[in-house]
Amino acid sequence: MTTPEKLLIVVTHGPEDPELATLPFVMAAAAIVSDVEVAMAFQSNGVNLVRKGGAEHVFTSSFPPLVELLESVVELGGKLMACAPCLESRKLAVPDDLRPEVEIIGAARLVAEIMAATSTMTY
């Protein structure tokens, strides 16, 4: 039996850059429907995308609204993880301020995810 491919996408851009906030979700959805396991790690301003209400007002031309893409990724089985120190520095109460699907992680866990991935991307 072969090990499934796993893609880790690190998201560092938030609502302030709609295109760079949207593209990782487009890539995640495309990977999942191509039978690739996907985990998304949100760092820096990227954590604002997984706040409750954080994706609802992010739009960029030529793509569906970000909230639709995010919900598709979750429904298809994508894993969402947010950097604990990044959340803390933005004074986000965890887990109350986050979408329920988001797991809060630290650096050691992210390193483990990177090492387990067959490929990584950063936006």
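Which residues is Lys 52 in contact with, leaving aside its neighbours within four places in sequence? In this predicted model, Lys 52 is in contact with Asp 96, Asp 97, Leu 98 and Arg 99. Lys 52 itself belongs to the loop between S2 and H2. Its C-alpha atom is separated by 16 Å from that of Glu 88, a residue 36 places away along the chain.

**The loop between S2 and H2**

Not counting residues up to four places away in sequence, Asn 48 touches Pro 15, Gly 54, Arg 90 and Leu 92. Ser 44 is also placed in the loop between S2 and H2. With a relative accessible area of 31%, Ser 44 is partly exposed.

**Positive phi angles**

Most residues other than glycine have a negative phi. Ser 44 is not a glycine, yet its phi is positive. Lys 91, in the loop between H3 and strand S4 (102-105), likewise has a positive phi in a residue other than glycine. Lys 91 counts as exposed, because its relative accessibility of 73% is over 50%. Asp 35, which follows H1, also has a positive phi. The values are listed below.

| Residue | Phi |
|---|---|
| Asp 35 | near 65 degrees |
| Ser 44 | about 50 degrees |
| Lys 91 | near 55 degrees |

In soluble globular proteins, nonpolar side chains tend to be buried together. The largest nonpolar core here has 32 residues, and the members that touch the most others are Ile 9, Phe 25, Val 38, Met 40, Phe 42 and Leu 49. Two or more residues of this core come from each of strand S1 (6-11), helix H1 (18-33), strand S2 (37-42), helix H2 (66-75), strand S3 (79-83) and helix H3 (84-89). H1 gives the largest share of the core, six residues.

What surrounds Val 38, leaving aside its neighbours within four places in sequence? Val 38 is in contact with Leu 7, Ile 9, Ala 28, Ala 31, Ile 32, Gly 77, Gly 78 and Lys 79. There is also a second, separate core of eight residues, among them Val 10, Ala 41, Ile 105 and Ala 117.

**Helix H1**

H1 holds 16 residues, and at 1.5 Å a residue it should span 22 Å; the C-alpha atoms at its ends are 23 Å apart, so the two values agree. Which residues of H1 are buried? They are Ala 21, Thr 22, Pro 24, Phe 25, Ala 28, Ala 29, Ala 31 and Ile 32. These buried residues of H1 pack against S1, S2 and H2. Phe 25, buried in H1, is also listed among the core members that touch the most others. Ala 28, Ala 31 and Ile 32, buried in H1, are among the contacts of Val 38.

**A nonpolar patch on the surface**

Val 111, Ile 114 and Met 115 make a nonpolar surface patch of about 310 Å². Met 115 is part of helix H4 (residues 107-116). Is Met 115 buried or exposed? Its relative accessibility is 68%, over the 50% limit, so Met 115 counts as exposed.

Key. Residues numbered from 1 in each chain as written. Predicted model: local features only at pLDDT ≥ 70, side-chain atom pairs only at ≥ 80, totals over all residues. Heavy atoms only, no water. Core = buried A, V, L, I, M, F, W, Y, C linked by side-chain atoms within 4.5 Å. Buried < 20%, exposed > 50% of the residue type's maximum accessible area, 1.4 Å probe, protein only. Helix = DSSP H or I, 4+ residues; strand = E, 2+ residues; numbered from the N terminus. Contact = heavy atoms within 4.5 Å. Expected span 1.5 Å × (residues − 1). Patch = residues over 30% accessible without salt bridge, like charges linked within 9 Å, V, L, I, M, F, W, Y side chains within 5 Å. Areas by Shrake-Rupley, 256 points an atom, 1.4 Å probe, with all protein chains shown as cover. Salt bridge = Lys/Arg side-chain N within 4 Å of Asp/Glu carboxyl O.
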